[in-house]
Amino acid sequence: MLIQKLKAQAGTLLLLVIALTFVAGALTVLELGTPRRMGPGAFPLIAGLILTGLCVVTLFRDLRMPAAYQVADWRSVGSVAAAVAVFAIVTPLLGVLPAAGACAFAASFAVGSLSHARRAALVTGAVLGVWLIFLVGLRLPLEAFRGF
Amino acid sequence: MLDNLALGYATATTPSNLFYCFVGTFLGTFIGVLPGLGPLAAVAMLLPVSFYLPPETALVMLAGVYYGAEYGGSIASILLNIPGTPSSSITCIDGYPMARQGRAGVALLMTALASFFGGVFGILVIAGLAPALAEFALLLQPADYFAVMLLGLVAASVVSNSGTLRGVMMVCLGVLLGSIGVDINSGETRFTGGVQDLRDGIGLVVVAMGLFGVSEAMMSARGATPSYATEKVSWSRFLPETGEWLRSLAPALRGSLVGSFFGTLPGTGQTVASSIGYALEKRVSRNRDQFGKGAIEGVVVPESANNAAAQTAFIPTLTLGIPGSTTMALMIGALMIHGVTPGPRLISEHPALFWGLIVSFLFGNLFLLVLNIPLIGIWVKLLQIPHYFLYPAVVVLISIGVYSIDHSLFDVWTMLGFGLLGYILRLYRFEPAPLLIGFILGPMMEEYLRRAMLLSRGDPLVFFERPGSAILIGISAVLLVLTALPRRRRKVQANEEVVESR
């Protein structure tokens with residue numbers, strides 16, 4: 001029961017962790033200064049403390065009365081995250097156009113089942129589109145192919 | 001004034017600026033029509049492209065993208081009952097019933113005309129008001145600026161769809177993330193964890209693309225392809241009845257007035273303008289019984305308000321450097337990347353840019369009107385693009401868009417991190433839009449807070465001694481209290497319903 005309640009608060013808990021990290025960083029690493037000459041840690045400390053306070057209020061309130069939340073769609077999240085990651089990995093190895101193709105291929109798994117023909121059309125369209133828009137149309141100084 | 005407008009006309013009508021204004025409005029409408037992608041995503045996606053253009057041209061193009069996307073959002077609202085943008089959600093209320101009654105053409109034409117009317121009204125307000133406000137802004141002290149920004153942040157929080165409390169939390173998170181990087185006063189690095197790429201802070205485009213582009217793709221990629229309105233939209237079905245023309249005039253004017261007012265308030269944006277315009281019209285209209293069933297006023301008012309606000313949102317953005325909406329926050333980023341600092345001196349230091357932009361708004365609105373009526377058929381076809389092509393293409397575009405800014409793969413990874421953060425936040429009903437406002441305003445707010453405290457020798461009462469800042473802080477407090485209390489009661493009721501349903 002408690003685990004289920006905490007699961008419903010994962011978003012707030014994440015915010016609380018972020019807020020506490022900033023508060024700890026401001027207190028331990030940065031100078032706070034004086035009211036007249038505020039140091040680099042003062043403003044983040046104020047914002048961090050406000051966020052911490054609000055997280056605690058939200059947690060207590062929502063623990064008493066559970067708030068609705070959506071369940072993650074891991075297939076979509078995983079595919080889109082993999083697509084961006086693949087782009088970042090392939091670009092320095094093979095260049096922008098192969099990276100765009102690989103990115104489109106990985107992202108296509110986010111949208112449900114696709115036939116091979118549609119997936120191939122999507123990848124080809126993405127590569128052609130990137131070439132036409134970014135390299136031919138806008139003439140951006142991007143390396144189309146690398147290592148060939 | 002006439003000299004300035006002549007200067008603006010000369011700047012806006014160069015072939016290159018006219019071309020990019022056209023490209024901006026076209027691409028904006030294109031992206032805005034696609035469900036789930038609004039002006040924010042459109043401007044974020046095209047921001048990297050604008051880096052390669054001169055500042056005037058870049059801003060003219062982005063402004064075109066912005067109001068093009070607003071208009072595009074209305075098309076999706078009317079035909080699909082899926083608002084392409086949050087601000088066009090109000091148009092769904094009467095626009096979609098009109099489409100179901102076979103009057104989609106009339107609704108689309110009136111949307112285009114009302115948008116044009118509201119847009120031109122907003123342009124006149126900017127031309128008249130912005131220079132005066134800029135002169136007034138020169139009198140403001142750091143404490144006043146701090147109070148204006150506080151009001152902007154509070155306004156962004158209270159209009160958040162996820163409630164005031166969550167809105168404030170998102171603003172605080174944005175402020176914290178905005179503090180990452182070198183502190184300009186002391187030169188100390190903050191919260192970088194020793195990562196050199198974070199010394200200059202996190203890029204605005206990286207945050208925006210991650211929070212809105214990547215997380216949107218994660219949320220919507222597997223959404224079912226909606227059943228589209230397949231009504232054939234022909235010329236003969238565009239024209240409203242004679243009585244409806246007359247019925248639309250006063251609502252268009254009222255909508256433009258409301259929109260122009262709310263657009264100028266920092267942080268509020270068009271969603272508030274169109275909702276309040278609609279609510280007001282529902283009270284004063286003689287045809288209030290038809291609202292929600294396809295009343296033409298129900299389309300005209302939110303559209304004129306929305307577009308007037310889209311224009312006047314440029315007033316605080318350009319004259320105070322405070323974004324009138326989340327998309328305006330990106331426009332500020334675009335200006336700064338081009339070495340132009342928005343603020344009271346922008347009009348005197350960059351008159352060609354300011355007045356050129358104002359006149360280009362007029363051309364952009366004209367392009368929207370002239371282009372969109374004949375192109376309605378194309379936009380309707382665009383709505384039929386299957387989502388399995390759309391979302392992978394969006395992921396590719398945003399990845400390459402972020403990479404092209406600095407050729408930095410670190411930015412691509414950071415964007416992915418923000419995409420995941422945005423996704424988790426959305427699952428738990430934290431709307432990321434106020435985060436972006438906090439991210440932009442946070443560093444500026446800190447700067448003014450520190451300056452004000454230095455000038456007052458550390459006395460915090462300085463914020464209450466100056467009448468301007470005292471009033472603004474008072475308004476912020478009242479706004480917070482007024483919106484937090486009733487929402488809390490509603491939330492408790494909603495929570496009780498959730499518990500009962502389990």
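How many Å separate the centres of domain 1 and domain 2 of chain A, taken over C-alpha atoms? I got 38 Å.

Ground rules first. I'm working on a predicted model, where local features need pLDDT of at least 70 and side-chain atom pairs count only at pLDDT 80 or more, while totals for chains, interfaces and linings use all residues. Residues are numbered from 1 along each chain as its sequence is written, with chains lettered from A and ligands numbered from 1 in the order in which they are written.

Domains: I looked up the bounds in chain A and found 2-64 for domain 1 and 74-137 for domain 2 (bounds come from an automatic or database domain assignment).

Interface: I find 62 residues of chain A in contact with 58 of chain B (contact: C-beta atoms, placed from the backbone, within 7 Å). On the chain A side, helix 4 gives the most, 11 residues (helices are DSSP runs of H or I, at least four residues, numbered from the N terminus). By class I noted 46 nonpolar, 12 polar and 4 charged residues on that side (nonpolar: Ala, Val, Leu, Ile, Met, Phe, Trp, Tyr, Cys, Pro; charged: Asp, Glu, Lys, Arg; polar: the others, Gly among them).

Helix pair: next I checked helix 4 of chain A against helix 9 (residues 204-220) of chain B. They pack at about 145 degrees, axes 8 Å apart (axes are lines fitted to C-alpha atoms over the stretch in contact; angles run from 0 to 180 degrees between N-to-C directions). Ser76(A), Val77(A), Val80(A) and Val84(A) meet Val214(B), Ala217(B) and Met218(B) there.

Conventions:
Two residues are in contact if their C-beta atoms, placed from the backbone, lie within 7 Å. Helices (H or I, at least four residues) and strands (E, at least two) are DSSP runs, numbered from the N terminus.
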